[in-house]
Amino acid sequence: RAMSRPARRVPASTPAITPTWRVALVSGANRGLGFEVARQLSGHGITVLLGARDLDKGLHAARQLHGAAGEVVAVQLDVTRADDVATLARWIEVTYGRLDILVNNAGGYYDHDAHASDGDLATALEAMQTHLFGSWRLCSAMLPLMRRHGYGRIVNVSSGCAASASSTSACVAYRTSKSALNAYTRTLAAELEGSGIAVNAVCPGWTATDLGGPGGRPVSVGAAGIVWAASLPTPAPTGRFFRDGHRIAW
């Protein structure tokens with residue numbers, strides 16, 4: 001089903017909170033990595049809000065997950081639109097009164113052949129709007145729903161190419177925007193230290209999706225590391241960068 005939204009076409013109380021009480025929001029979840037994250041989370045009995053810019057595509061994706069242990073609800077979400085995010089936050093508050101997990105997965109702009117010396121900044125601006133500012137906007141809007149219960153898991157989907165040790169010349173817009181997301185992750189984690197809300201970045205590795213292209217590992221493997229970070233027990237590590245459940249260098 002889809003959320004009911006006005007004026008637009010739309011469709012832990014404690015650290016020991018059980019999966020059937022948890023509510024998760026996954027952005028960019030109608031296909032690829034985000035869809036698989038939604039599938040795995042719902043398989044654990046978590047209610048999943050499946051965010052998609054195109055609601056029809058979101059509804060189609062949610063129907064594919066019908067019958068999972070946790071309910072899957074398609075919600076219209078363009079992370080670059082402040083009104084989408086604000087309306088969704090209000091709807092979640094009224095409908096569930098909480099949000100336990102936020103997976104900032106919406107992304108793209110894998111500009112493999114672009115160069116840092118190129119003066120065309122259009123792709124770079126779009127990548128920053130989605131990866132950095134979209135994640136920032138969602139975190140700011142959803143944090144009050146986590147703070148009221150003193151529990152939250154925020155997972156920012158990043159990339160190993162954004163690590164400081166990575167120094168190839170490819171993917172300049174993608175790499176730079178993900179590096180900025182890493183910096184935001186560390187900063188937000190430091191602010192929320194001791195609040196019960198863990199904020200981490202995860203590199204899913206090269207995964208065989210529309211973005212990653214053929215040759216990568218199965219999407220289920222890449223998604224598993226994200227789901228792991230979204231399900232960390234209390235007390236949870238925060239302000240870290242992970243791949244496959246192992247800490248990696250920023």
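Guide: Contact here means heavy atoms within 4.5 Å of each other, and a residue is called buried when its relative accessible area is under 20%, exposed when over 50%, and partly exposed in between, with a 1.4 Å probe and protein chains only. Helices (H or I, at least four residues) and strands (E, at least two) are DSSP runs numbered from the N terminus. The model is predicted, so local features need pLDDT of at least 70 and side-chain atom pairs count only at pLDDT 80 or more, while totals for chains, interfaces and linings use all residues. Residues are numbered from 1 along each chain as its sequence is written, and side-chain values use heavy atoms, leaving out hydrogens and water.

Let us look at helix α3, which covers residues 82–95 and has 14 residues. From its first C-alpha to its last α3 reaches 20 Å, close to the expected 20 Å, a span defined as 1.5 Å times one less than the number of residues. Within α3, the residues D84, V85, T87, L88, A89, W91 and I92 are buried. An α-helix has 3.6 residues a turn, so residues three or four places apart point the same way. The buried residues of α3 pack against β1 (23–26), β2 (47–52), β3 and α4 (122–147). After α3 comes G97, with a positive phi near 75°.
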